[in-house]
Amino acid sequence: MAIKKSNKFSQAAMIKQIMKRCSSLGKKQGYDEEGLPLDVPKGHFAVYVGENRTRYIVPISFLNRPEFLSLLQRAEEEFGFDHEMGLTLPCDEEVFESLTSMLR
């Protein structure tokens, strides 16, 4: 009988990998020594949404929500995470705003 790994563990590993890939590695203006944006409060991260790539700051707690994880998986499939564009989510701004208002 095989031992099944906890789904929570694999989700946590996936989230950690996504956040690692999405963080800036170099020191840039407006970023701290770890490559994190200075204007993003602790416990939050930035995403870019829609055709105009509007920037939103969202709480890390959203990473525990299946609805948001689905968006992250779609983002990885569509855009990948190894680029300098920031975490871009494949969804319209109106849909994103509606989703995040329900998650708060």
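Student: At 30% relative accessibility, does Arg 65 count as buried, partly exposed or exposed?

Tutor: Happy to start there, keeping in mind that this is a predicted model. Buried means under 20% relative accessible area and exposed means over 50%, with partly exposed in between. Arg 65 has a relative accessibility of 30%, so this residue counts as partly exposed.

Student: Which residue forms a salt bridge with Arg 65?

Tutor: Side chains of opposite charge can pair when their charged atoms come close. A salt bridge requires a side-chain nitrogen of Lys or Arg within 4 Å of a carboxyl oxygen of Asp or Glu. For Arg 65, the closest N and O atoms of the pair are 3.8 Å apart, and the partner is Glu 67.

Student: What is the relative accessible area of Glu 67, and how many salt bridges does a search of the whole structure find?

Tutor: Glu 67 is partly exposed, with a relative accessible area of 36%. As for salt bridges, a search of the whole structure finds 1.

Student: Which residues gather with Glu 51 in a patch of negative charge on the surface?

Tutor: Glu 51 is placed in the loop between strand S1 (44-49) and strand S2 (54-59). With a relative accessible area of 83%, Glu 51 is exposed. The residues that gather with Glu 51 in the negative patch are Asp 92, Glu 94 and Glu 97.

Student: How many residues apart in sequence are Phe 79 and Leu 89, and how far apart in space?

Tutor: Phe 79 belongs to helix H2, residues 66-79, and is partly exposed at 32% relative accessibility. Phe 79 and Leu 89 are 10 residues apart in sequence, and their C-alpha to C-alpha distance is 8.5 Å.

Student: In what order do the elements of the protein run from the N terminus on?

Tutor: The protein has 104 residues, of which 31% count as buried. Its secondary structure comes to 3 helices and 3 strands. From the N terminus on, the order is α-β-β-α-β-α.

Notes:
Residues numbered from 1 in each chain as written. Predicted model: local features only at pLDDT ≥ 70, side-chain atom pairs only at ≥ 80, totals over all residues. Heavy atoms only, no water. Patch = residues over 30% accessible without salt bridge, like charges linked within 9 Å, V, L, I, M, F, W, Y side chains within 5 Å. Areas by Shrake-Rupley, 256 points an atom, 1.4 Å probe, with all protein chains shown as cover. Lys, Arg positive; Asp, Glu negative; His and termini not counted. Charge placed at Lys NZ, Arg CZ, Asp CG, Glu CD. Helix = DSSP H or I, 4+ residues; strand = E, 2+ residues; numbered from the N terminus. Buried < 20%, exposed > 50% of the residue type's maximum accessible area, 1.4 Å probe, protein only.
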